[in-house]
Amino acid sequence: MKILRLIRISFICWRYGLDELLLENIRHPFAAKLLKITRFGRQYTKSRGQRLREALETLGPIFVKFGQVLSTRRDVVPHDIADELALLQDKVPPFPSEQAVATIEQSLGKPIRELFAEFELTPHASASVAQVHIAYLFSGQKVAVKVLRPGMLKVIEKDIALMRTFARLVQRYIPDGKRLKPKEVVDEFDQYLHDELDLQVEAANCSQLRRNFSHPKRAGLLLVPEVFWSYSSKEVFTMEWMEGIPINKVEELRARGVDIAKLARMGVEIFFTQVFEDGFFHADMHPGNILVSLDEKSFGQYIAVDFGIVGSLSEFDKNYLAQNFLAFFQRDYRRVAQLHIESGWVPADTREELLEGAVRTVCEPHFDRPLSEISLGQVLLRLFQTSRRFNVEIQPQLVLLQKTLLNIEGMGRELDPNLDLWKTAKPFLEKWMWQRVGPKGFMEQLQKESTQWANILPALPRLLQQRLQQENHSEALLQTLTKIQKQQEKANLLSAIAIGIFTVSIGGLIYYFLR
Ligand SMILES: Nc1ncnc2c1ncn2[C@@H]1O[C@H](COP(=O)(O)OP(=O)(O)OP(=O)(O)O)[C@@H](O)[C@H]1O
């Protein structure tokens, strides 16, 4: 079977002239000869990107998804190809509703009549991986039932195995193959697909996002459907049906009285709340997945659906982003360079002024326009491109963030061309920084560290003795002493604070009794 699939893939590659793209890059006499044979009598009217896109569409949904993922990796894919791959659409014909019903019954272990009061057999929407049906629970609750396309896992395992073989060939035989990191790209894609094919992962993401936005302080920012866990599994995801109009139907929204400028501002605010407050963001923000409520109680509010792709940011990532954005807007390129060196992102021996110069070269042209028009997504993209030249591996979650940021900015600007992105974003960055470096952040940090200190302080003499016994080396001694000195300084600070608190408390008590 695998061999048949391989033959079919090879035939499609040949039909769209993709063999040429590959063979041209292999510097081996055999490749040149083969190219002569396969090229014989063929002429192409379409660009290489267009041919690749059409071939992927013919190869099926998995390859379409792969192309979509590749289109976001502009660090490894040439721009003309990436632009063309970004046009890939995975709108495919729905699968028969009997199959959907069979999957639901098998996965949830009950006949459909016992699960839902009503189940609409015609799907509401269908895509490569799943399709959505409308249904009603016995309580009368309207729900969206997302069902996985049957047999996907099997096809995927086979296709991924073939992609791995292909990646190995590229890495081995194409001169620039290593830089393209084909094995890593396929691994990343594998992980991404497996997450998409487990609807429980998506349901859990949805549930987390809903919890994040259910806090009273965030009332009215973003509506997220409720997950019905008893009607969900790996293959089925049942959630509250959300009534709304897709965000790209601007005229309709305006006609219904929605404040479009406010909507644009809110979109950016929601995104920054997710990024800087939660470190957890919806990363598939295309217009089909963002609706606007026209319900009386939630009029004009955003609704999110489709939680297959989310990004998670660590404190380190958030710190990197906030500090870099702030330094960038102050045009402090030296600081940007220092931040990269301090955080260990670039090798420690990187020359600060070289990095500073490179950052200046990519960032300065952005200041040609008013601050309000600067795209943070573009700035990040340029920063990442520069960093790569200095051997920095950009983490996938940051690439995802940058891509989502571009989507959000594009959407915001389409809604309101006068949207001042910086004005909307700045308070978030400043608030976040203040929380980290301000008194609140300091106390939180101290609290977090306190458990560590309770362990370290009593053990310090023993650790010192052990270390000295292990390595009776002047260098080691010096390092140990330096470490102790640093720890001592922290301990002193801790004591100073403790004494301070103690003094203030005693002072307060004396004042209270003598008053
Ligand atoms: N809870 C919901 N309430 C209302 N509509 C929904 C809901 N969930 C999904 N939909 C509708 O179904 C469509 C497809 O759902 P979803 O985006 O989750 O599927 P998908 O297979 O990931 O599709 P795609 O890959 O095209 O985004 C959405 O664009 C939206 O119109």
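Author: With the terms: helices (H or I, at least four residues) and strands (E, at least two) are DSSP runs, numbered from the N terminus. Here the chain has 22 helices and 11 strands. Keep in mind that this is a predicted model, where local features need pLDDT of at least 70, side-chain atom pairs count only at pLDDT 80 or more, and totals for chains, interfaces and linings use all residues. Residues are numbered from 1 along each chain as its sequence is written.

Reader: Okay, what share of the chain is buried?

Author: A residue is buried if 20 or more other C-beta atoms, placed from the backbone, lie within 10 Å of its own. Buried residues make up 27% of the 515 in the chain. Take strand β6 (residues 236–240): four of its five residues are buried.

Reader: And which strand does β6 pair with?

Author: Two strands pair if DSSP finds at least two bridges between them. β6 pairs with β4 (residues 142–148), antiparallel, over five bridges. Within that pairing, Met-239 of β6 is the bridge partner of Ala-144.

Reader: Which residues are closest to the ligand?

Author: Ala-144 again, along with Ala-125, Ala-127, Gly-288 and Asp-306; 18 residues surround the ligand in total, counting those with a C-beta atom, placed from the backbone, within 6 Å of it. Strands β3 (130–136) and β4 are the elements that give two or more residues to this shell.

Reader: Why does the ligand lie between domains 2 and 3?

Author: Because domain 2 (91–241) and domain 3 (246–437) both give residues to the shell around it. Those bounds come from an automatic or database domain assignment.

Key:
A residue is buried if 20 or more other C-beta atoms lie within 10 Å of its own, exposed if 12 or fewer, and partly exposed in between; C-beta atoms are placed from the backbone.
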